[in-house]
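The sequence and the coordinates come first, and the description follows.

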Amino acid sequence: MTESHDNTIDALIPEVAAELVEALNLDETPEEIDPDEPLFGDGLGLDSIDVLEIALVVSRRYGLNLRSDDDRNEQIFASLRDLCRFIAENRTK
Amino acid sequence: MSDAMADCIPLVPDGNLDRVLLLDGENHWTVADVLASAQELQQALDALPTPVRHLVNLAGRRDQFLVGLVAGILGAQVSLMPSTRGRGAIQDLLADHPDTVILHDNDAPLEPTLAACGPHLAIPPLRRAKSQGECVSQVPRIPTSQLIARVFTSGTTGKPKGHDKHWGRLVANARVAADALTAHQRITSKAQRGPLDGIHLLGTVPSQHMYGFESLILAALCGGATLSVDQPFFPGDIAASLAELPSPRMLVTTPYHLHHLLASECALPPCEHILCATAPLELTLATHAEQTLGGVLQEIYGSTETGQIAVRQPTQGADWQLMEGIHLEAKAGGVVIASGGHIEHPVCLGDCLERVDERHFRLIGRLANQVNIAGKRSSIEYLNATLRAIDGVKDGFFFRPRSTNAEGRQPERLAAVVCGPGLSAESIRRALRERLDPVFLPRPLLLVEQMPVNATGKVTRDALDALVTDSNDSDLQQRDAS
C-alpha cells in the first residue's frame with residue numbers, strides 16, 4: 001500500500017464514523033469508535049439490521065452497491081478501517 | 001378411501017411428484033427430489049443411537065430448510081422454530097426437548113457455540129430422485145392431526161412460549177392465504193395444483209419465522225408456488241435474485257427490507273406481486289413500491305400464534321379483510337380475540353383493532369407492552385425478565401425512549417436502564433445477545449447505581465426517559481462504563 005492510499009483511508013475514517021453514529025443511532029461519538037475494533041460481536045456490537053443501514057449509507061454517499069456473494073464481505077465489515085479501505089478503493093462518487 | 005385416510009392430506013395438493021418446487025438458478029427441483037433427499041436425511045436420523053423426536057432446523061437456504069422440514073414430517077419429528085439462534089436460546093430449547101437434533105446447512109459447519117449445545121447433523125444436499133419411483137413412488141399423505149412445528153414467541157415470563165402447528169391447520173392456513181392473495185385474479189383451472197401455481201417466490205425473511213414459514217415454505221408446498229432457494233440480504237442481492245426468476249414473480253418481504261430496496265435505487269425487474277408483513281407499511285412506501293416494481297402490493301396481517309388472518313392492498317384502502325373462517329371478537333379493555341378457521345386456539349391479539357364489519361377491521365396500533373423492531377416482535381415484559389435473569393443484575397428496565405432522533409429513522413431501538421453493581425455495559429450486552437435477537441439489544445444501555453423511583457417507590461417511564469436525555473447532554477465518556 002502506498003502512503004497516499006493510507007492517507008485517503010485515514011481521511012475517510014472520521015467521515016464514515018460520523019455516518020455510522022448517525023445512521024445507527026449509536027451510543028458512541030464518532031471519535032470514540034476505535035477504527036481497528038471489530039464492528040460486530042463483542043466490538044461495536046452491530047447486527048445484521050445495521051449492515052443494511054451501512055449498505056444504504058455507502059450506496060448513497062459513495063455510490064457502492066454491496067452484495068452477499070462478495071467473498072470480501074467479512075473483510076469489508078471487519079473494522080471501521082477495513083470498511084473505509086473498501087470505500088476508498090471502490091467508490092464511484 | 002378408508003376413514004383413516006380421510007383424515008390425511010397429501011404433502012402437496014395435487015399429489016404430483018414432478019411439480020417443480022424449488023428454483024436454484026438453472027436447476028429445477030421437483031417434489032420427488034425433495035422427498036428423496038428428505039428420506040436420505042430421515043435414514044440418517046434413524047441411524048442415531050437414540051430416538052429423535054424434535055428437530056431444530058437452522059438451515060439458511062430454502063432447499064435445505066424444506067428438506068429438513070419434510071424429513072421431520074416423514075419421521076413424525078416436530079420442527080422446533082426458535083425466534084433467535086443465540087446460544088442461550090438454543091440451549092434452553094434443548095433442555096426442554098432433550099430428544100432433539102440440530103439440523104444445519106451442508107455448505108458450512110455449524111457455529112462451534114451451537115455445535116456444543118447438542119447433537120447436530122448437516123442436511124444432505126438436494127439430489128435427483130432416481131427415475132420412476134425407485135425410492136419415491138408417491139406423495140405421502142400426512143395425518144391432519146400430526147404436530148409439524150412448534151414456533152416460539154417471547155412469552156411474558158422470560159421464557160419463550162411454543163405454539164403448536166398441526167398439519168391440517170397449516171394446510172388450511174396456506175390455502176386460505178393463497179386464495180386471499182389471488183382473489184382478484186383467480187384462475188379456476190389451476191385451483192387443483194394450488195392457487196399460487198405458476199408464481200415464482202423470492203423471500204427476504206427467514207424460513208423459521210412464522211411469516212417466512214407460511215408465505216414461502218408452505219406457499220410452495222401447499223399453495224402450489226415455486227420457490228427460489230435464495231434468501232437475499234443486500235438490495236443488490238434482491239435485485240439479482242429477482243432478475244434470475246421467471247415471471248410472474250412474488251417478492252415476500254417486510255417494510256424494513258422494502259424501504260432499503262427502494263432507497264438503494266438498484267435497477268429492479270418488474271415484480272407482479274409484492275407481499276409485505278411483520279409491521280405496518282406506510283402508504284407512501286406501498287405506492288412507491290407498486291410504481292417502481294410495477295406490481296400489486298398486498299399486506300398480510302397475522303401473528304405466530306394465529307398464523308395469517310387478514311389481507312389488504314394498502315393503495316386500494318386501509319381496511320383489512322379477514323381470511324375465510326376467521327372471526328374477531330372485541331372484549332372489554334380493547335382486547336380482540338381471533339378464532340376460527342385455521343387458528344389452533346382462540347388468541348388474544350397484540351394489536352389494537354377496530355372492527356369495521358363482520359369481515360373487515362382497521363389496525364389502530366400495537367398494545368402498549370408490545371415492541372416491533374424491523375419486523376421482529378417481543379414484549380417489554382419478556383425483555384425485562386431476560387435482563388433481570390442475568391447474573392449480577394439487581395434491576396433493569398427496557399423502554400422505548402421518547403427522545404429518539406426526529407426523522408423517525410428506522411429501526412428505533414429500545415433503551416435500557418440497568419442496576420448491576422460490578423457489571424459493565426458490554427458484559428450485559430453479551431449476556432443479552434445469547435438469548436435475544438440482536439435487534440432488541442438496547443441502545444443506549446445506561447448503568448445506574450440506583451433505579452430512579454417516585455414517591456410511591458415506582459420506576460416510571462418519565463424518570464427513565466429523563467435519565468437518557470440527561471446522559472445525552474452530559475459527557476459521553478461517562479455514559480458507557482465498559
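In chain A, 65% of the contacts between residues at least 6 apart in sequence join residues at least 24 apart; two residues are in contact if their C-beta atoms, placed from the backbone, lie within 7 Å. The model is predicted, so local features need pLDDT of at least 70 and side-chain atom pairs count only at pLDDT 80 or more, while totals for chains, interfaces and linings use all residues. Residues are numbered from 1 along each chain as its sequence is written, and chains are lettered from A and ligands numbered from 1 in the order in which they are written.

**The two chains**

Chain A has 4 helices and 0 strands, and along the sequence its pattern reads α-α-α-α. Helices (H or I, at least four residues) and strands (E, at least two) are DSSP runs, numbered from the N terminus. Chain B holds 13 helices and 27 strands. In chain B, 62% of the contacts with a separation of 6 or more are between residues 24 or more positions apart.

| Chain | Residues | C-alpha span along principal axes | Buried residues |
|---|---|---|---|
| Chain A | 93 residues | about 35 × 30 × 20 Å | 33% |
| Chain B | 482 residues | about 75 × 55 × 45 Å | 46% |

A residue is buried if 20 or more other C-beta atoms lie within 10 Å of its own, exposed if 12 or fewer, and partly exposed in between, with C-beta atoms placed from the backbone. The radius of gyration is taken over C-alpha atoms, and the globule rule is 2.2 Å times the number of residues to the power 0.38. For the 93 residues of chain A, a compact globule would have a radius of gyration near 12 Å, and the value of 12 Å agrees. For the 482 residues of chain B, the rule gives a value near 23 Å, and chain B agrees with 23 Å.

**Where the chains meet**

The contact involves 16 residues from chain A and 26 residues from chain B. The side of chain A that touches chain B comprises 6 nonpolar, 6 polar and 4 charged residues. Here Ala, Val, Leu, Ile, Met, Phe, Trp, Tyr, Cys and Pro count as nonpolar, Asp, Glu, Lys and Arg as charged, and the others, Gly among them, as polar.

**Domains and a sheet of chain B**

Chain B is divided into domain 1 (1-166) and domain 2 (377-478), with bounds from an automatic or database domain assignment. In chain B, 11 residues of domain 1 are in contact with 12 residues of domain 2. On the domain 1 side, these residues divide into 1 nonpolar, 9 polar and 1 charged.

An open sheet of 6 strands in chain B has the order 7-6-4-5-9-10, with mixed pairing; two strands pair if DSSP finds at least two bridges between them. Strand 7 (120-122) and strand 10 (161-166) of chain B stand at the edges with a single partner strand each, so one side of each is left without a neighbour in the sheet. Within chain B, strand 4 (residues 54-57) and strand 5 (residues 78-81) pair in the parallel sense over 3 bridges. B:His54 has B:Val78 in strand 5 of chain B as its bridge partner.

**B:Gly155**

B:Gly155 is found in the loop between strand 9 and strand 10 of chain B. This residue counts as partly exposed because it has 15 C-beta neighbours inside 10 Å. Neighbours within four places in sequence aside, B:Gly155 is in contact with B:Pro160, B:Lys161 and B:Tyr382.
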